[in-house]
Protein chains: 2
Amino acid sequence: MDIVSLLRDSGLRATKSRIAVLSFLEQQRVPISISEIAEKLGAVVDPVTVYRIIDAAKGAGIVKEVNLGTGSISYELAPDGHGHHHVVCTSCHKIADVSSCHEELLSRDALKEARGFASITGHSLEFFGLCKSCS
Amino acid sequence: MDIVSLLRDSGLRATKSRIAVLSFLEQQRVPISISEIAEKLGAVVDPVTVYRIIDAAKGAGIVKEVNLGTGSISYELAPDGHGHHHVVCTSCHKIADVSSCHEELLSRDALKEARGFASITGHSLEFFGLCKSCS
DNA sequence: TAGTACCTGCAAAAAAATTGCAAGTACTAT
DNA sequence: ATAGTACTTGCAATTTTTTTGCAGGTACTA
């Protein structure tokens, strides 16, 4: 799915700035913070606009917030709504992707326990560990 | 376990400010951001010190970063190292706790998939859904 | 192709996070 | 109990991040 269709299908206009930001996000192999995006795209998109674009895309469910334990929030493109997960090396911050997560099992159990909740629509899951070089 | 012992056992000095911040954190029923802590404890602990205390406590593994999808990182006391998880209502931001998470299963599968990793030492898991009032 | 609702950039401000340093404090070993 | 020492803190100042308002520009609709 190309970025333009992704935007339109999410009810967002396919503007030059949005295409630039989401394409950039798509090229990243790992999640990235807003200020890093703003810095890298500085020549093309105003920082203020980057904030607004990420906000809109998050609202539309096409980018996902990720907390890699670095103290700041990172973002990644999640075209299908439910992205993958990550393993982060607590020593060198290397990141690997993980896709399996037993979603149904987890959600079912969580819903059973969570008092006052009617449904579970998504989740965020990250692992921390040591990569082979650091261990 | 009282806060003083918790600090000492983690190799941190039990200072007045640290006790104040961690006790406050312990009283919260939901994770809270650094600036909220700083604001609430403003009369007692300097904001700069709050930042440094959270940083030290995070390093020592007695507070945990939590991403509740709000765009900012929250913190909670995690005396035992591995806290519980949460379900967040995407409409009203109500939060419920969840403890079951099939940790061994998840970690084993993640390690199998994560190329270049030697071990998994922890994880972060949050659920998003709708509470009964909002659904 | 014109209309309109939505987006963007700029300038400015507010808020959050970091740094350096001097004074204060917790812990250790007398 | 006490003095030494290394770690902590508060303050002031700075830097970085995030938000806001508004005028002009642009994507999409009919």
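This is a predicted model: local features need pLDDT of at least 70, side-chain atom pairs count only at pLDDT 80 or more; totals for chains, interfaces and linings use all residues.
How many residue pairs are in polar contact between chain A and chain B? The count is 21, taking pairs with both residues at pLDDT 80 or more.

Now take the extent of the contact. On chain A, 47 residues are in contact with chain B, and 47 residues of chain B are in contact with chain A. The size of an interface is often given as the accessible area lost when the parts come together. Here chain A and chain B bury about 3,700 Å² between them. Carbon and sulfur atoms account for 60% of that area. In chain A, the residues that lose the most area to chain B are E113(A), F117(A) and F127(A). Together they make up 17% of what that side buries.

Next, look at which elements of chain A form the side that touches chain B. Strand 1 (63-67), strand 3 (85-89) and strand 4 (95-98) each supply at least two residues, and so do helix 5 (103-113) and strand 5 (117-131). Strand 5 of chain A gives the most, with 15 residues. By residue class, the side of chain A that touches chain B divides into 21 nonpolar, 17 polar and nine charged residues.

Within it, L125(A) has L125(B), in strand 6 of chain B, as its bridge partner.

Technical notes. Residues are numbered from 1 along each chain as its sequence is written. Chains are lettered from A and ligands numbered from 1 in the order in which they are written. Side-chain values use heavy atoms; hydrogens and water are left out. Contact means heavy atoms within 4.5 Å. Buried area is the accessible area (1.4 Å probe) that two parts lose on being put together, summed over both. A polar contact is a pair of N or O atoms within 3.5 Å; within protein, one must be able to donate a hydrogen and the other to accept it, and residues adjacent in sequence count only if both atoms are side-chain atoms. Helices (H or I, at least four residues) and strands (E, at least two) are DSSP runs, numbered from the N terminus. Ala, Val, Leu, Ile, Met, Phe, Trp, Tyr, Cys and Pro count as nonpolar, Asp, Glu, Lys and Arg as charged, and the others, Gly among them, as polar. Two strands pair if DSSP finds at least two bridges between them.
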